[in-house]
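User: Hello! I am new to this structure and would like to learn how to read its features. Could you walk me through it?

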Amino acid sequence: MNEPAPFPAPANTKRTAPTWRRRLPLFAGLALVAAIVVGLWPRPVAVEIGQVTRGPMTVTVDEQGMTREIHRYVVSAPVAGQLERIDWKAGAPVVAGKTVLATLESSGADFLDARALAQAEAAVRAAEASREAAGAQRDRANAAAKLAAAEFERAKRLRDQGVASVQEFDTAEMQNEAAAQDARAAEFAVKVANFELQQSRAALMRGQPGGAALPPLVITSPIDGQILRVFQESARVVPAGFPLMELGDPTDLEVRIEVLSRDAVTVRPGDLVYLDQWGGDYPLRARVRVVEPSGFTKISALGVEEQRVYVVADFIDPIAKRPTLGDSYRVEARIVTWQKNDVLQAPSGALFQRGDHWQTFVVDGSHARLRTVKVGRTNGVQTEILGGLEPGDRLVVYPGDQVVDGTRVSALQIDAR
């Protein structure tokens, strides 16, 4: 009987792991190296980015100012005597020659000796001459105002036709405003001269001895306007020349602005002024009349001595736009010292000075490139670019110490809330 052959013995083979398992440590090492590289790779610096643009630009001198009555008049007692109580309050309207401001009972206390009488007569003659001079000045100012108004209308028509330049129109407008101010001042001077003549004649009449008993002296308003201040309300004995109250015209306001002396040299008569923070919802317009030639020293809030100069400007806008604006009111003034309609400009925060050169970082792709530029005027927010940049260039605004030439940068996301 044949026995079955036995199964052949299995070959001596060795089982191997799959390929991916053998390479797993390599992959893990590469991943670890990549993570380290990514972690240590310098990240882009988040920066604020501004742009070079072309458009209008205005340079201003920004300072605080205060309104002021252009023409004031202090009413004084023409003779010595007993002053009756004054019931007027500040802000009350007055009419020239009609409103009784005060009553003065002299009772013979104002009799004059021969020398004082001669002086009173001379004062009357001087007041008459002043009235004549004021009248001639008024006629001259009215004629100049009429001519300036005609020139302004002519310049307005030429501007509408495109013939006159903006500078010629602005000059005609300034001359018209100045002539109108001179005419108002001349009219005020005539009223004051008439009042002073009346007061001088009253003092002379009451100072002559031997005359009949005279009624109390009635002092009327010399101008149309309002009472600014009352210096003496109670009844009392007052000497001749004692101030009683101050009058002014509320429609005749000017603005006096305190400007640093280094800024005052850039301000010229005729410069436009915008007045903000006066209480209205819109800025008021004024025009510089004079830059005072003498400065003064003022201590700032930080204790620093500053040399300042007064700049006086006249309102352009009519009284209807500022009906509640009064004397000694605070305003914020912006004096336009330079403006141009087409200017290549960049954010001032993107420019910095190194030595004698101005430089900026231009964003080229994702890197900041240092570039030297040539700058012109600046208003603190925008700066005129004279060379080195083109419209549309993107700049790093307020670069920190981390930004150098070649630094990778990214735009900073600003929350608009």
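Predicted model: local features only at pLDDT ≥ 70, side-chain atom pairs only at ≥ 80, totals over all residues.

User: Which residues have the most contacts inside the largest nonpolar core?

Analyst: First, the general idea: in soluble globular proteins, nonpolar side chains tend to be buried together. Here the largest nonpolar core has 23 residues, and those with the most contacts inside it are Val75, Leu83, Ile86, Leu104, Ile227, Met245 and Leu247. At least two residues of this core come from each of β3 (72-76), β6 (100-105), α3, β7 (217-220), β8 (225-230) and β10 (243-248). Another core, of 21 residues, lies apart from it and includes Val255, Val267, Trp278 and Val311.

User: Is Val363 buried or exposed?

Analyst: The cut-off for buried is under 20% relative accessible area. Val363 has 11%, so Val363 is buried. You will find Val363 in strand β18 (residues 357-364).

User: Which residues does Val363 touch, not counting those up to four places away in sequence?

Analyst: Val363 touches Ile49, Arg394, Leu395, Val396 and Val409. Take Leu395: 32 residues separate it from Val363 along the chain, yet their C-alpha atoms are 5.7 Å apart.

User: What is the volume of the largest pocket, and which residues are closest to its centre?

Analyst: The volume is about 580 Å³. Of its 20 lining residues, Val166, Asp170, Gly270, Arg287 and Gln339 are the closest to the centre. The lining divides into seven nonpolar, six polar and seven charged residues. Elements that each supply at least two of the lining residues include α3 (166-207) and β16 (330-347).

Notes
Residues numbered from 1 in each chain as written. Heavy atoms only, no water. 1 Å grid on protein atoms, 1.4 Å probe; cavity = no way out; pocket = protein on both sides within 12 Å on 5 of 7 lines; lining within 4 Å. Points joined across faces, edges and corners; volume = space filled by probe spheres on them. Helix = DSSP H or I, 4+ residues; strand = E, 2+ residues; numbered from the N terminus. Nonpolar A, V, L, I, M, F, W, Y, C, P; charged D, E, K, R; others polar. Core = buried A, V, L, I, M, F, W, Y, C linked by side-chain atoms within 4.5 Å. Buried < 20%, exposed > 50% of the residue type's maximum accessible area, 1.4 Å probe, protein only. Contact = heavy atoms within 4.5 Å.
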